[in-house]
Amino acid sequence: MNSDIHRLLDEAFAGIEMTPDAQDLKEEVRANLVARTAELEASGRSSADAARQAIAELGDVRELLDDAEPTGPTAAGSAQADFLRHRVRPKTGFVVRVVVWSLAFVVGLTLAVLGATGVLSLPIGVVIALTGIASTGLGLIVGDSLAQETTTNYPMPSGRAGGYALATFLAAYGLGFAGLVALGQLAVWAVVFAALGVIASIILFAFLGASQTNRHKAWVRNAHHEQQISNRFEEEPETAARFGVYTAAIWIITFAVIVVLVFTVGWWWAPLAFLGGLAAMMILLARMMFGPRKS
């Protein structure tokens, strides 16, 4: 680790009363400086130069403490300073909820695995219910996390966050059914339910991803614009919409083929249809992302 960072950081905070907030800010600054100097060193800068440039990009730490608008040219152009100025602290209620959802996920998954493998003598109905509890906990973790405001993003609308939670639940429950089939706890035909859950989750994830709007905060969009980072789906909303429609069509057809194969030639042919659908989706994604652009 670059030892110059700590010395220069102590000099930057010299004369500042080290209240708990100031100490907290200093540690956040230290973590960001470590990452920034590593980037600069990777680009060929010497350790000392990298540390000095990272500190210079930080600007005046007193302005960060006062949460004041930047006045100097260095602070105005520093994404690192903006990041610290607009940082969002975790909410207590969110942390408590995530702990509860995590317990539901871990306890449900653990008991379901023990029941499915015969370590615990549990009826199959209880194992399926425990799998549902674990899947629900995982989905709630995803949905609740996306609905939180972050330093760089506005909070996701509750309906869209719920969509991601539902997609996660369907994927986890579908995979859980597949696991129970593989362990011999459910009949082979139950793989249809597993495929239904997984494919429905893929369709929902694809729709949510293709229809995702830009929720970045203004200072993040400005930083991206200055770095000339482009995203074709953001630049061409109609392309993103077509991708969502094509993806839904691919997976609906794939699911229909899986059902036909399971009830005609045997369930062991179903994975081939799934792989075919996945390959078609990857080709479509490559075509939509890197194909010829509109003039």
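**Entry 1**

Helices here are DSSP runs of H or I with at least four residues, strands are runs of E with at least two, and they are numbered from the N terminus. I began with that wording in mind, and I remind myself that this is a predicted model. I looked up the elements of the protein chain and found 14 helices and 0 strands. Reading from the N terminus on, I noted α-α-α-α-α-α-α-α-α-α-α-α-α-α. I also checked burial: of the 295 residues of the protein chain, 35% count as buried.

**Entry 1: the stretches listed in UniProt**

Next I opened the record. The unreviewed UniProt entry lists "transmembrane region" for residues 94–114, 120–142, 163–182, 188–208, 243–263 and 269–290. I picked two of these stretches to compare with the model. Over residues 188–208 I found 86% helix and 0% strand, with the end C-alpha atoms 31 Å apart. Over residues 269–290 the chain is 95% helix and 0% strand, and here the end C-alpha atoms are 32 Å apart.

**Entry 2: α7 against α8**

I then turned to helix pairs. How do α7 and α8 pack? I read an angle of about 155° between them, with their axes 7 Å apart. Angles over 145 degrees count as roughly antiparallel, so I wrote down α7 as roughly antiparallel to α8. The crossing of α7 and α8 is left-handed.

**Entry 3: α8 against α9**

The axes of α8 and α9 come within 8 Å of each other, and they cross at roughly 150°. These two helices are therefore also roughly antiparallel to each other. Is the crossing of α8 and α9 left-handed or right-handed? I found it to be right-handed.

**Entry 4: α9 against α10**

Helix α9 covers residues 158–182 and helix α10 covers residues 191–210. I noted an angle of about 155° for this packing, with the axes 7 Å apart. That makes α9 roughly antiparallel to α10, and the crossing of α9 and α10 is left-handed. What sort of residues make up the contact of α9 with α10? I sorted them into 17 nonpolar, 6 polar and 1 charged.

**Entry 5: salt bridges**

One joins the side chains of arginine 52 and aspartate 49, at 2.5 Å from N to O. I placed both residues in helix α3 (residues 47–58), 3 residues apart, which is about one turn of the helix. Arginine 52 is partly exposed at 48% relative accessible area, and aspartate 49, at 30%, counts as partly exposed too.

The other salt bridge joins the side chains of arginine 97 and aspartate 144, at 2.6 Å from N to O. Where do arginine 97 and aspartate 144 lie? I found arginine 97 in helix α7 (residues 92–116) and aspartate 144 in helix α8 (residues 124–146), so this pair ties together parts that are 47 residues apart in sequence. Are these residues buried or partly exposed? Arginine 97 counts as partly exposed at 34% relative accessibility. Aspartate 144 is buried, because its relative accessible area is 12% and the cut-off for buried is under 20%.

**Entry 6: a last look back**

Terms used
Residues are numbered from 1 along each chain as its sequence is written. This is a predicted model: local features need pLDDT of at least 70, side-chain atom pairs count only at pLDDT 80 or more; totals for chains, interfaces and linings use all residues. Side-chain values use heavy atoms; hydrogens and water are left out. A salt bridge is a side-chain nitrogen of Lys or Arg within 4 Å of a carboxyl oxygen of Asp or Glu. Buried means under 20% relative accessible area, exposed over 50%, partly exposed in between (1.4 Å probe, protein chains only). Axes are lines fitted to C-alpha atoms, for helices over the stretch in contact, and angles run from 0 to 180 degrees between N-to-C directions. Angles under 35 degrees count as roughly parallel, over 145 as roughly antiparallel, 65 to 115 as roughly perpendicular and the rest as oblique. A crossing is left-handed if the near helix is turned anticlockwise from the far one by less than a right angle, and right-handed if clockwise. Ala, Val, Leu, Ile, Met, Phe, Trp, Tyr, Cys and Pro count as nonpolar, Asp, Glu, Lys and Arg as charged, and the others, Gly among them, as polar. UniProt positions are given in the numbering used here, feature names are shortened, and annotations may be inferred rather than shown by experiment.
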